[in-house]
Amino acid sequence: MAQKYSDYTVPGLGQENGHEVAGLLQGRLHALNDLQLVLKHVHWNVVGPTFIAVHEMLDPQTQTVRGFVDEVAERIATLGGSPSGLTGELVSARNWEDYPLHKAGVQEHLAELEKVYTGVIEDHRDVLSKVGQIDPITEDLLIGQVKELELFQWFIRSHLER
C-alpha cells in the first residue's frame, strides 16, 4: 500500500505540523477540484438571453481554479503529503451535495453557483484560520485564493442583483 506521508516536511515546520497542514489542504484540494468541474458544468449547461455573458465569464474562473488545484496539490507534496485527485476519494470525503442542475437558465445556475462559492470560501477561511497558527506560507497561499474566490463570487452576485 502506498504511503500517505513522506518522512519529511519543509524545514522549520516539523513533521507533525507539516503533515497536519497537508491533511487540511487535502480537503481544499477536493473542494477546488469539485469547483472547477461545477464551473465547467455550468458553462456547458447555462441557457437564456444572457447565456453568452455567463458562458464567457466562467472560463477564466475555471482556469484560475485549476491553477489553485495545482498550487494546493504541490503544497501538499512539498509538505511531505501525497495529494489525491482521485474522484472516488473526493466523493467519499466531501461534506457537500452534488450540484443540482443540468440545463437551466442563467438565474437558476448563478443562484446555485453562488451557494457553491459560499461553501468553498467558508471552508477555505476555516482552514486558513487553522494553518495561520502553524504555517504562514500555506496561510499566504490560501489568502490569495480566498481573495480571488470572493471576487468571482461577487461577479456571480452582481448578475443576481435586481
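Predicted model: local features only at pLDDT ≥ 70, side-chain atom pairs only at ≥ 80, totals over all residues.
The crossing of H2 and H5 is left-handed. On the H2 side, the contact is formed by Val54, Met57, Leu58, Gln61, Thr64, Val65, Phe68, Glu71, Val72 and Arg75; these meet Ile137, Thr138, Leu141, Gln145, Glu148, Leu149, Phe152, Phe155, Ile156 and His159 of H5. Classified by residue type, the contact of H2 with H5 contains 12 nonpolar, five polar and three charged residues.

For H2 and H4, the packing angle is about 25° and the axes are 11 Å apart. The angle is under 35 degrees, so H2 is roughly parallel to H4. This crossing of H2 and H4 is also left-handed. H2 contributes Phe51, Val54, Met57, Leu58 and Gln61 to the contact, and H4 contributes Val106, Leu110, Leu113 and Tyr117. The contact of H2 with H4 comprises eight nonpolar residues, one polar residue and no charged residues.

The largest nonpolar core has 38 residues, and Leu58, Leu113, Tyr117 and Leu149 have the most contacts inside it. At least two residues of this core come from each of helix H1 (15-45), helix H2 (51-78), helix H4 (106-131) and helix H5 (136-160). Beyond its neighbours within four places in sequence, Leu58 is in contact with Leu39, Val42, His43, Leu113 and Ile156. In soluble globular proteins, nonpolar side chains tend to be buried together.

Notes
Residues numbered from 1 in each chain as written. Heavy atoms only, no water. Core = buried A, V, L, I, M, F, W, Y, C linked by side-chain atoms within 4.5 Å. Buried < 20%, exposed > 50% of the residue type's maximum accessible area, 1.4 Å probe, protein only. Helix = DSSP H or I, 4+ residues; strand = E, 2+ residues; numbered from the N terminus. Contact = heavy atoms within 4.5 Å. Left-handed = near helix turned anticlockwise from the far one by under 90°. Nonpolar A, V, L, I, M, F, W, Y, C, P; charged D, E, K, R; others polar. Axes fitted to C-alpha atoms, helices over the stretch in contact; angles between N-to-C directions. Parallel < 35°, antiparallel > 145°, perpendicular 65-115°, else oblique.
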